[in-house]
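Here is a quick walk through one protein model and the molecules that sit with it. Have a look at the sequence and the structure first, then read on.

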Amino acid sequence: MDHIRKRVLVTGGAGFLGSHLCQALVDAGDDVLCVDNYFTGQKKNIESLLGRPNFELLRHDITFPLYVEVDEIYNLACPASPIHYQFDPVQTTKTSVHGAINVLGLAKRTKAKIFQASTSEVYGDPKIHPQTEAYWGHVNPIGFRACYDEGKRCAETLFFDYHRQHRLTIKVARIFNTYGPRMHPNDGRVVSNFIVQALKGEPITIYGDGTQTRSFCFVDDMIDAFMAFMATAKAVTGPMNLGNPSEFSILELAEKILALTRSRSKIIHEALPKDDPVQRKPDISLAQREIDWQPTVGLEEGLERTIFYFKGFL
Ligand code: NAD
Ligand code: UDP
Ligand code: UDP
């Protein structure tokens with residue numbers, strides 16, 4: 001059977017996850033419109049797609065309305081790293097909230113299916129472990145992370161209200177820490193920071209004592225999950241946790257990266273940022289059931305592939 005060519009909008013398409021998603025959609029034969037304001041994304045990330053006939057690029061800030069004709073929307077636009085989302089916190093909230101209203105208005109007019117890149121941060125500093133979708137979270141509404149956490153929580157509210165009120169087909173994914181090639185080297189997130197530091201022989205900066213945990217998912221697994229979720233029936237709305245349930249302390253992560261890079265960098269400890277979640281691990285039984293998905297790339301293999309990428313340009 002011929003592939004039915006869909007018109008797909010990816011907001012934040014020049015970012016880390018967005019560029020991998022654009023690549024996968026273009027390869028699948030869809031007509032892809034990538035929209036980005038290049039706040040944290042870069043043209044370099046989607047350079048290889050620029051000559052492809054089924055790829056288009058538009059510089060646009062999603063806090064402003066956008067009128068295009070599409071069948072599916074993946075809404076990824078939003079800075080994701082604490083240093084970037086705290087740089088202009090008001091713009092971060094606007095991107096999540098005004099941005100969501102605009103893409104939802106667009107989906108309402110075009111009857112497009114719409115996917116939201118929500119986050120494990122909606123659980124805040126979680127008091128239940130591992131986190132299931134039923135948990136309402138533990139978020140400081142006035143702290144430094146609130147522009148991101150509360151912005152994403154409000155975006156979820158808007159998605160569910162447009163679903164209930166205007167019968168939109170929505171897919172809300174709660175993404176847990178994801179890493180891989182094309183993370184920005186100055187992105188500030190832990191995997192990119194440690195790899196860059198290890199490769200340059202600079203000190204590895206552990207914030208706090210390093211006992212806080214995260215569960216790291218390799219980017220290819222995550223993109224498979226996005227596309228499988230988008231293909232589900234209308235009744236499957238989420239919110240759905242997407243992530244790799246293998247949990248590591250930040251100290252364990254540092255040691256693994258030191259071993260894999262054979263680096264002689266020293267570990268140093270710096271102040272723990274305020275409201276830094278103590279632990280995080282997804283319960284992915286819903287994703288296993290609804291989209292028959294689970295991650296296939298383990299941390300060592302994923303780190304090796306990411307280190308190989310960073311070695312290419314450092
Ligand atoms: P990223 O910073 O690499 O990508 C975000 C992209 O959005 C960038 O290209 C940026 O320029 C663009 N952008 C920001 N504000 C915009 C605006 N107002 N208008 C248009 N474009 C805008 O981050 P990422 O890791 O690729 O994250 C993508 C999405 O996934 C984000 O919504 C993030 O919240 C979510 N997410 C990511 C992770 C992760 O671990 N990578 C975890 C949870 C959720
Ligand atoms: N919108 C958009 N593109 C469209 C349709 C709507 O950007 O194709 C924006 C529009 O600016 C509006 C928002 O989406 O403010 C919400 O649209 P909706 O139809 O829900 O609300 P209304 O226009 O009635 O305020
Ligand atoms: N972290 C660290 N050193 C760094 C960067 C981050 O110890 O150079 C810690 C950070 O305090 C947090 C964890 O690593 O506990 C994950 O941080 P990241 O910013 O990657 O993601 P998030 O906190 O949003 O999950």
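## Ligand 1

A word on classes before the first shell: Ala, Val, Leu, Ile, Met, Phe, Trp, Tyr, Cys and Pro count as nonpolar, Asp, Glu, Lys and Arg as charged, and the others, Gly among them, as polar. Keep in mind, too, that this is a predicted model.

With those classes, the shell around ligand 1 splits into 13 nonpolar, 13 polar and two charged residues. There are 28 residues around this ligand, and G12, G15, F16, T40 and G41 come nearest. Two or more residues each are given to the shell by α1 (16-27), α3 (89-110) and β5 (113-119). Which element gives the largest share? That's α1, with three residues.

## Ligand 2

Around ligand 2 you'll find P65, L66 and Y67, then I101 and N102, and finally G105, L106, K108 and R109. Sorted by class, this shell holds five nonpolar, two polar and two charged residues.

## The overall fold

Stepping back, the protein has nine helices and 13 strands. Its C-alpha trace spans about 55 × 45 × 40 Å along the principal axes. The radius of gyration is 19 Å, which agrees with the value near 20 Å that a compact globule of 314 residues would have.

How much of the protein is buried? Buried residues come to 45% of the 314. As for contacts between residues at least 6 apart in sequence, 80% of them join residues at least 24 apart.

## The nonpolar core

The largest nonpolar core takes in 79 residues, and the ones touching the most other members are C22, I73 and F226. Helix α6 (residues 219-230) supplies the largest share of this core, seven residues.

C22 is worth a click. Setting aside neighbours within four places in sequence, C22 is in contact with V10, G13, V32, C34, I46, L49 and F55.

## A look at K6

K6 sits in the segment before β1 (7-11). Why is K6 classed as partly exposed? K6 has 17 C-beta neighbours inside 10 Å, so it lands in that class; a residue needs 20 or more to be buried, and 12 or fewer to be exposed.

Which residues does K6 touch, not counting those up to four places away in sequence? They are D30, D31, D71 and E72.

Technical notes:
Residues numbered from 1 in each chain as written. Chains lettered and ligands numbered in written order. Predicted model: local features only at pLDDT ≥ 70, side-chain atom pairs only at ≥ 80, totals over all residues. Near = placed C-beta within 6 Å. Helix = DSSP H or I, 4+ residues; strand = E, 2+ residues; numbered from the N terminus. Rg over C-alpha atoms; globule rule 2.2 N^0.38 Å. Contact = placed C-beta atoms within 7 Å. Core = buried A, V, L, I, M, F, W, Y, C linked by C-beta atoms within 7 Å.
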